[in-house]
Amino acid sequence: MNIWKISIKNLFHKPLYTFLSILSLAISIGLLLGIKQLDASVKQQFDNSLGNIDLVIGAKGSPLQLVLASIMHIDNPTGNISYKEAKKIGKNPLIKTAVPISYGDNYKGYRIVGTTELFANFYEAKLEEGKLIKKPMEVILGHTVAQQLGLKIGDTFLSSHGFKDNTMDVHTEPLTVVGIYKPTQKVIDRLIVTNLESIWDAHDHEAGEAHEHHDDENKEVTSLLISFKSPMGLLTIPRQINEKTDFQAALPKYEIQRLFQFTGIGVKIVSWIAYIILVISCITIFISLFKMVKERAFDLALLRTYGASNFQLIKIVAYEGFTIGFLATILGILISQSGLIIVYNMIEDQYKQNIVQSISYTDILETSLWVFIMIIVAISLSILPIIKMNISKILSNEK
């Protein structure tokens, strides 16, 4: 007796019911895997993008906005601060590195950041080719920017004002590519880095000012990125900045953690919805198997008279349940990965964020284990009529 053939025939006996059972279970698996992987990938991306930055100082406003704008580069800045005052803060003996950044322009949606040579150290970024910036209007491209835009050493381009690509507000002085960074999987991969003078020159020209004179007294930067020599700086400087100056100091790790506390609620809700669908799907599978056993009681009893054991009949039901579970798991993984590709592409198009997609085998194993346990429960309940089967009564009633 070929148990597998009988099980497959039973599944195709009601193909629509079988398809709906597989589809509902696959959707719950896809939701669970997708939301877990998306949450983990975004957290990893944010952690990587923080680099070695302990503190960011900028204009008063939302500290989270300051972090997202100055470190993640996915929001608008809270304003500008005095470059002269920023340099004074950077001289504090507790500060290891203080790097000013200034921005407000883009090229095809990729932000142009004016800063110093020390900026790349936050992300341990090294040159893949080319050289460091020596004069204004020279730029180094992040690896993603160079790949996506097809720019090479020596190429020139005109930047646009603002953070979105536009052809209406374009600067007249071209920027020249002098270097390209190696890939880091950090935020610098999607930035165009130049020096502060390039940003000042571009906007001084707009204001009709002479760009030869860069008086620190009147110059402004967007924010100041800081790393400390010791934890003591982390304990004292943020409070001093917030209480005694017109600036604000924001702790990147703290603000990102707060952000994920809010988004974590949504992740939990979606996860619980997926678990509920998973339970409902397994109940549907149980009903399907139980109905099959009841409706085909005569066939099963007939198999017993031809020498089949109870265990063989139970195997028929078990094979059906496990086949549904296996197909649903494969389909669920495909759904989750396809959905994530769409989401990641949307994030890349809108925010220029390159999120690394990697399959979490731990999540797959954990979700598969849940499915396996629930299907075992469904099979165990649905085979009760087989265990209690009265062969003579079933055969006589059918006649």
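Good morning, colleagues. Please keep in mind throughout that the structure shown above is a predicted model.

I begin with helix α3, which spans residues 63–72. This helix is mostly covered, with 7 of its 10 residues buried. The buried residues are Leu66, Val67, Leu68, Ala69, Ser70, Ile71 and Met72. Directly after the helix comes His73, whose phi is positive, at about 60 degrees.

Which helices pack against α3? One of them is α8, residues 252–295. The two axes come within 9 Å of each other and cross at roughly 110 degrees. An angle from 65 to 115 degrees counts as roughly perpendicular, and α3 and α8 are therefore described in that way. Their crossing is left-handed. On the α3 side, the contact involves Pro63, Leu64, Val67, Leu68, Ile71 and Met72. On the α8 side, it involves Pro252, Glu255, Ile256 and Leu259. Sorted by class, this contact has 9 nonpolar residues, no polar ones and 1 charged residue. As a general point, an α-helix has 3.6 residues a turn, so residues three or four places apart point the same way.

Another neighbour of α3 is helix α2, residues 15–50. Here the axes lie 10 Å apart, and the packing angle is about 75 degrees. That angle makes α2 roughly perpendicular to α3. From α2, the residues in contact are Gln45, Phe46, Ser49 and Leu50; from α3, they are Leu68, Ile71 and Met72. By class, 5 of these residues are nonpolar, 2 are polar and none is charged.

I turn now to the strands. Strand β1, residues 55–59, pairs with β13 in the antiparallel sense, over 4 bridges. Which residue of β13 is the bridge partner of Ala59? The partner is Phe247. Strand β13 covers residues 247–250. Phe247 and Ala249 point one way from it, whereas Gln248 and Ala250 point the other way. In a regular strand, the side chains alternate between the two faces of the sheet. All four of these β13 residues are buried.

Finally, I come to Glu173. This residue sits in the loop between β8 and β9. Is Glu173 buried or partly exposed? Its relative accessibility is 27%, and it therefore counts as partly exposed. The C-alpha atom of Glu173 is separated by 6.7 Å from that of Leu158, a residue 15 positions away along the chain.

Thank you for your attention.

Methods:
Residues numbered from 1 in each chain as written. Predicted model: local features only at pLDDT ≥ 70, side-chain atom pairs only at ≥ 80, totals over all residues. Heavy atoms only, no water. Buried < 20%, exposed > 50% of the residue type's maximum accessible area, 1.4 Å probe, protein only. Helix = DSSP H or I, 4+ residues; strand = E, 2+ residues; numbered from the N terminus. Pairing = 2+ DSSP bridges. Axes fitted to C-alpha atoms, helices over the stretch in contact; angles between N-to-C directions. Parallel < 35°, antiparallel > 145°, perpendicular 65-115°, else oblique. Left-handed = near helix turned anticlockwise from the far one by under 90°. Contact = heavy atoms within 4.5 Å. Nonpolar A, V, L, I, M, F, W, Y, C, P; charged D, E, K, R; others polar.
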